[in-house]
Amino acid sequence: MKRLIFGIILTLTPFVVAYLYPLSVPSSIHSLGEFYLKNSLTSVRSPEVVTSILWDYRGLDTVFETAVFFLAIMGGLAIFRELKLEYSSWEEFPLPVKVVTKVTAVLIVTVAASLALHGQLTPGGGFQGGSTLAVAPLLVIGAVSLASLKRTGITLERAVLIRILGLTGIVILALIPLALGGYAVQNQPYFPSEFLGTLLGGSLLWYNIFEFLAVGAGFTAVFLILAVAGGGRDD
């Protein structure tokens, strides 16, 4: 009972604080923020200002951050390199469990892909999409088994390979403008800004796709390792 009361108080506290101390609306916009808002659509060809900042205005920072994230995951996998993933035989789970898991996993993948592919138009992007994508294999591991994930063709080796391909794609995208006489991570005019009337944001769409693959595969690899290292079932 005490835990329930504590949980209710903990849940309601943010709402009470927000009601008593509402955030004030600023009377003016910072000049840098105003610059981004005014120029994102015309110079980057994307109405999604956050994505424009991440992969265009400060794109080089994002490339380095992605590299750091990549090295962090690869370092973690190296620590567990001696750990052998055992994929034993498929266990027959109740049909409702398998059907619900499959339907939910498909919905998660669909939402994840939408977040990544529309990242230049609406809030989202490659990292958000990739993080969402990794929930699907985590769901399969937790709801059914590691062996069930193996049946879909998702293994640690393939996850690591996809992650490497994703990061390689980001590096190639960053270097293409440099090879064409521009500067690294430059967006326009080296990448198409729209297709059939839909804004692509130049390189933003491609960065989001490769980031989507790299992040989704990276988290999946970590989940596979943790599922075994944490004593999870593999049958």
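In sequence order, the pattern is α-α-α-α-α-α-α-α-α-β-β-α.

A word on the source. This is a predicted model, in which local features need pLDDT of at least 70 and side-chain atom pairs count only at pLDDT 80 or more, while totals for chains, interfaces and linings use all residues. Residues are numbered from 1 along each chain as its sequence is written, and side-chain values use heavy atoms, with hydrogens and water left out.

Now the chain as a whole. The C-alpha trace spans about 55 × 55 × 35 Å along its principal axes. Of the 235 residues, 35% are buried, meaning under 20% relative accessible area with a 1.4 Å probe, protein chains only. Contact means heavy atoms within 4.5 Å. Among contacts with a separation of 6 or more, 72% are between residues 24 or more positions apart.

Next, helix α9. How many residues does α9 have, and how far does it reach? Helix α9 runs over residues 156–179, which is 24 residues, and reaches 34 Å from first C-alpha to last. That is close to the 34 Å expected at 1.5 Å a residue, the expected span being 1.5 Å times one less than the number of residues. The buried residues in α9 include L156, R163, G166, I170 and P177. Just after α9, G181 takes a positive phi of about 100°.

Methods. Helix = DSSP H or I, 4+ residues; strand = E, 2+ residues; numbered from the N terminus. Buried < 20%, exposed > 50% of the residue type's maximum accessible area, 1.4 Å probe, protein only.
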